[in-house]
Amino acid sequence: GVFAISDALRRSFIGDFSVPEDRAFAAYAGPNLDLQAIPARQDVGGRAPTILFVGVQFERKGGDALLRAFANLRTRHPQARLIVIGPKTFSYQADGVEWWGYLRKEEPSEWKKLVEAYADADVFCLPTRYEPFGIAFVEAMMFGLPCVGTRTSAVPEIIQEGTTGFLVEVDDVPALERRLEQLFNDAPLRAK
């Protein structure tokens, strides 16, 4: 049998590689972190609205689309922040955009910084163009963050529309911007 980390990937094995349907199984995946090490979420009011992006492959994960949506959001939320974690290099510079580098969970000082990023964030956003599973969404949810992702690959298997976050079409920057602003403006919805 073939065990895939999502149903989307299971269907790919069947359709793209001719694996018999009765031999392909979706086993899914969990977060790549120690669940006992996740601190309880503390909703701190009065701070700048903050989006968190975590992904090494910035373009494939839609980081460029997020930068465009964020630039538009900043016109209405001039104090808004975007924390970018993952890419080993990052040359984009704009007000409110903070690159925290590549952080390893197994390194205590870097884990502490990653926890700080999740604690500082109000929303997790990964507008990916392709995602075999999307462990970053699962990890963000473990930290109590609502997620905004794209309606592609396995992402709809993780984000429950209106319950754990929102889905937009790939590269739909206006829709991405609207969903982020909705979460910025509605603290009870974020908390829910």
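Student: Which residue in S6 stands opposite Leu-52?

Tutor: This is a predicted model, in which local features need pLDDT of at least 70, side-chain atom pairs count only at pLDDT 80 or more, and totals for chains, interfaces and linings use all residues. Residues are numbered from 1 along each chain as its sequence is written, and side-chain values use heavy atoms, with hydrogens and water left out. Strands (E, at least two residues) and helices (H or I, at least four) are DSSP runs numbered from the N terminus, and two strands pair if DSSP finds at least two bridges between them. S3 runs parallel to strand S6 (residues 123-126), joined by 2 bridges, and opposite Leu-52 in S6 stands Phe-124.

Student: Which residue in S4 stands opposite Leu-52?

Tutor: S3 and S4 also pair in the parallel sense, over 5 bridges. Together with helix H2 (residues 63-76), they make a right-handed β-α-β unit; right-handed means that, with the strands pointing away from the viewer, the path from the first strand over the helix to the second runs clockwise. In S4, the residue opposite Leu-52 is Ile-83.

Student: Is Ile-83 buried or exposed?

Tutor: Ile-83 lies in strand S4 (residues 81-85). Contact means heavy atoms within 4.5 Å, and beyond four places in sequence Ile-83 touches residues including Leu-52, Phe-53 and Trp-100. Buried means under 20% relative accessible area, exposed over 50%, and partly exposed in between (1.4 Å probe, protein chains only). Because the relative accessibility of Ile-83 is 0%, this residue counts as buried.

Student: How many of the 5 residues of strand S3 are buried?

Tutor: In a regular strand the side chains alternate between the two faces of the sheet. Thr-50, Leu-52 and Val-54 point one way from S3, Ile-51 and Phe-53 point the other way, and all are buried. Strand S3 (residues 50-54) is therefore largely enclosed by the rest of the structure, its buried residues numbering 5 of the 5.

Student: How many residues has the largest nonpolar core?

Tutor: A nonpolar core is a set of buried Ala, Val, Leu, Ile, Met, Phe, Trp, Tyr and Cys residues joined through side-chain atoms within 4.5 Å. Ile-51 touches, among others, Leu-66, Phe-70, Leu-82 and Leu-180. Ile-51, Leu-52 and Phe-124 are among the residues with the most contacts inside the largest core, whose residue count is 54.
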